Amino acid sequence: MKIRADIAALVRAGHSDASIALRLGCGRGTANETRRAISSLDRLYAEEVPTGQVRDYRPERMPTSPAQQAANRAALLAALRTPAA
């Protein structure tokens, strides 16, 4: 789903789906779908920082092997390709 920037800005500003629909002339369902997509992306970004550093990084842990990095990357790409439920 493509996230509309105007809806996303209003969602992040705290407007309700009905308020967004009235302001932009779209359906409440469109606003709701965008809200769900944004929350999914926000959860994903909160779990793993795009720089590759994990939030709960502890230097005493062993670094991830190249094989594990490739498996993690493949799992993340597969999750990104799957449409949100």
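Guide: A helix here is a DSSP run of H or I with at least four residues, and helices are numbered from the N terminus. With that in hand, you can read this predicted model, in which helix α2 is followed by Gly 25, a residue whose phi is positive, near 75°.

Visitor: How many helices and how many strands does the protein have?

Guide: The protein has 4 helices and 0 strands, and reading along the sequence gives the pattern α-α-α-α.

Visitor: At what angle do helix α1 and helix α2 pack?

Guide: Helix α1, which covers residues 5–12, and helix α2, which covers residues 17–24, pack at an angle of about 140°, and their axes are 10 Å apart. Angles over 145 degrees would count as roughly antiparallel, so with this angle α1 is oblique to α2. The crossing in which α1 passes α2 is right-handed.

Visitor: Which residues make the contact between the two helices?

Guide: On the α1 side they are Asp 6, Ile 7, Leu 10 and Val 11, while α2 contributes Ile 20, Arg 23 and Leu 24. Sorted by class, this contact of α1 with α2 has 5 nonpolar residues, 2 charged residues and no polar ones. As a general idea, an α-helix has 3.6 residues a turn, so residues three or four places apart point the same way.

Visitor: Let me follow one of these residues, Val 11 in helix α1. Is Val 11 buried or exposed?

Guide: Buried means under 20% relative accessible area, and Val 11 has a relative accessible area of 11%, so it is buried.

Visitor: Which residues does Val 11 touch, not counting those up to four places away in sequence?

Guide: With those sequence neighbours set aside, Val 11 touches Ile 20, Arg 35 and Ile 38. Take Arg 35 as a case: Val 11 and Arg 35 are 24 residues apart along the chain, and their C-alpha atoms are separated by 6.4 Å. Asn 32 is partly exposed, because its relative accessible area is 29%.

Visitor: How many salt bridges does the structure hold?

Guide: The general idea is that side chains of opposite charge can pair when their charged atoms come close. This structure holds 1 salt bridge, formed by Asp 17 with Arg 35, whose closest N and O atoms are 2.9 Å apart. The pair links distant parts of the chain, since Asp 17 lies in helix α2 and Arg 35 lies in helix α3 (residues 28–47), 18 residues apart.

Visitor: Why does Asp 17 count as buried, and what is the relative accessible area of Arg 35?

Guide: Asp 17 counts as buried because its relative accessibility is 14%, whereas Arg 35, with a relative accessible area of 27%, is partly exposed. The buried residues of α2 are Asp 17, Ser 19, Ile 20 and Ala 21.

Visitor: What share of the 85 residues in the protein is buried?

Guide: Buried residues make up 15% of the 85 residues.

Definitions and conventions:
Residues are numbered from 1 along each chain as its sequence is written. This is a predicted model: local features need pLDDT of at least 70, side-chain atom pairs count only at pLDDT 80 or more; totals for chains, interfaces and linings use all residues. Side-chain values use heavy atoms; hydrogens and water are left out. Axes are lines fitted to C-alpha atoms, for helices over the stretch in contact, and angles run from 0 to 180 degrees between N-to-C directions. Angles under 35 degrees count as roughly parallel, over 145 as roughly antiparallel, 65 to 115 as roughly perpendicular and the rest as oblique. A crossing is left-handed if the near helix is turned anticlockwise from the far one by less than a right angle, and right-handed if clockwise. Contact means heavy atoms within 4.5 Å. Ala, Val, Leu, Ile, Met, Phe, Trp, Tyr, Cys and Pro count as nonpolar, Asp, Glu, Lys and Arg as charged, and the others, Gly among them, as polar. Buried means under 20% relative accessible area, exposed over 50%, partly exposed in between (1.4 Å probe, protein chains only). A salt bridge is a side-chain nitrogen of Lys or Arg within 4 Å of a carboxyl oxygen of Asp or Glu.
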